[in-house]
Amino acid sequence: MDQEDLWKSVLGQIEFEVSRANFATWFKHTSIHGIDDGIATIAVPNAFAKEWLEKKFHKNIIKSLRSTMPEIRNASYVVSSANAPLSAPIKKKPEPEEILEEQLEFKEFSVDRDTNLNPKYTFESFVIGTFNEFAHAAGVSITKTLGTLYNPFFVYGGVGLGKTHLLHAIGNKVKKDHPNFKVLYITSERFVNELVSVLQNREPIHNFKEKYRNVDLLIIDDIQFIAGKAKSEEEFFHTFNSLYENGKQIIFSSDKPPKSIQNLEERLRSRLEAGLTADISEPEYEARLAILKLKQGAKEPIVADEVLEYIALTIQKNIRELEGALNIVLAKSKLKGRPITLEEAKISLEQLTKTTKRIATPSQIINAVTQYYDLVDGGLFERSRRREIVKPRQIAMYLLREDFHGSYPFIGQKLGGRDHTTALHAYEKISGELKKDSKLVEEIKQIRGKMYES
Ligand code: ADP
Ligand code: MG
């Protein structure tokens, strides 16, 4: 295998491991410069990319290199102008302040050793909107009522919506208000791994138990990972009881509410549910824009408002991706040495905003629409012109086109033996209405929710 193929294979693996935004930003214009004595030298377009790959993605890179070519022991990075995109101006030597600023970004990795808390995630840097205001308010009150009122506190929501940030913010605030309190943050995955290693190495379990029981605030992130791991669940159950009985606060996050975590031991589930539960949903436009403005902060170069607005409009679901998009724009501006225009931003973000479409089967679509509009089974196939039927049928046709990619003749046929022009008309009608009718947007979102359930 030559170097080019090796690197292609590495990139192919990494693409699945890092966010799309990160991948597009940091791995573009990289290549293998050479392999010598087990050390692969990776050529990168600029010092900024070099620093990020070294600090943030080194492990991913090594792992993927080795999985393809086991004899590789390590990797180093060089800035090579041959890799730079042709349009990029020659970069001037960074000023000392710039270097400092770039390094500051790595604060996110300087986690406190005692608590595992990341100082970057605070309440001050947490934007509040209707999507998270309850979880936020609950989190703030926990810091004032530790162990007494809301115990445990359980926060859940989808990926990249701020659960981890909120958990750290609570921990940081408690630590700030009570420097002597013991606070410990851990993901449930790490809890499981630590336990496995204690058992494997036949270390005394006493130390492990002590570590988790001897705290004032225990924060467990992504508790759903513990489900189905019997030994860990048991150990954790006892840890929970011990803390709870001693009036110590426990906080959890999960990607779903306790009742939806599968394979979770019942007695543990009932503990998780026993206190206060809050969810974080998807941020609304205003909150997305506020987050972008906050993350932009004093960073140079300034990103134009219209670019921020464009990002907030197009990236709707995930705050991590929102940040990723901002980073792409910032990195692009940095390379160009000036703020980029809206048109340039659109091009840079093309890859990110092209949502990977999910595919639904016709029966998933038909069932979801039938259920959503409370129709009788087969109701969509009736040859009726009643409005209660016509609209759902048009929506089903629209979805058969968008989410199943059916041809118009197929769609017409499928929904009660109609002509392909009927299907085409329905598709165009719904597409048009979606542009101005936000209620319809919401309805279709909910129907898709049903379609892609489970
Ligand atoms: P989760 O744990 O839910 O997957 P994270 O807490 O890791 O999500 O959040 C992903 C990124 O989005 C983080 O960089 C975080 O700082 C940022 N973020 C999430 N929610 C907010 C918010 N309300 N205000 C500011 N930044 C946020
Ligand atoms: Mg998280």
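How many nonpolar, polar and charged residues does the shell around ligand 1 have? The legends below take up this question and then turn to other parts of the chain. This is a predicted model, in which local features need pLDDT of at least 70, side-chain atom pairs count only at pLDDT 80 or more, and totals for chains, interfaces and linings use all residues. Residues are numbered from 1 along each chain as its sequence is written, chains are lettered from A and ligands numbered from 1 in the order in which they are written, and side-chain values use heavy atoms, with hydrogens and water left out.

Figure 1. The C-alpha trace spans about 70 × 60 × 45 Å along its principal axes. An automatic or database domain assignment provides the domain bounds: domain 1 (3-87 + 94-106), domain 2 (133-280), domain 3 (286-353) and domain 4 (362-451). Taken over C-alpha atoms, the centres of domain 2 and domain 3 are separated by 34 Å.

**Figure 2. The shell around ligand 1.** Ligand 1 is surrounded by 18 residues, of which Val127, Gly160, Thr164, His165 and Glu323 are the closest; a residue is near the ligand if one of its heavy atoms lies within 4 Å of it. By class, this shell has 7 nonpolar, 7 polar and 4 charged residues. Here Ala, Val, Leu, Ile, Met, Phe, Trp, Tyr, Cys and Pro count as nonpolar, Asp, Glu, Lys and Arg as charged, and the others, Gly among them, as polar. At least two shell residues come from each of helix H6 (163-177), helix H11 (285-296) and helix H13 (319-336). Domain 2 and domain 3 each supply at least three residues of the shell.

**Figure 3. Polar atoms beside ligand 1.** An N or O atom in the side chain of threonine 164 is 2.7 Å from an oxygen atom of ligand 1. For the side chain of arginine 320, an N or O atom is 2.8 Å from an oxygen atom of the ligand. Asparagine 132 has a polar side-chain atom 3.3 Å from a nitrogen atom of ligand 1. Of the 560 Å² of accessible area that ligand 1 has on its own, the protein covers 95%; such areas come from the Shrake-Rupley method with a 1.4 Å probe, and for residues only the protein chains shown count as cover.

**Figure 4. The largest nonpolar core.** This core has 49 residues, and Phe153 and Ile311 touch the most other members. Helix H13 gives the most to the core, with 7 residues. The core also draws at least three residues from each of domain 2 and domain 3. A nonpolar core is a set of buried Ala, Val, Leu, Ile, Met, Phe, Trp, Tyr and Cys residues joined through side-chain atoms within 4.5 Å. Buried means under 20% relative accessible area, exposed over 50%, and partly exposed in between (1.4 Å probe, protein chains only).

Figure 5. Glutamate 194 is found in helix H7 (residues 188-200) and is counted as buried because its relative accessible area is 17%. Its side chain makes a polar contact with the side chain of lysine 211 at 3.0 Å. A polar contact is a pair of N or O atoms within 3.5 Å; within protein, one must be able to donate a hydrogen and the other to accept it, and residues adjacent in sequence count only if both atoms are side-chain atoms. Serine 431 lies in helix H19 (residues 420-436), and its side chain reaches the backbone oxygen of tyrosine 427 at 2.7 Å.

Methods: Helix = DSSP H or I, 4+ residues; strand = E, 2+ residues; numbered from the N terminus.
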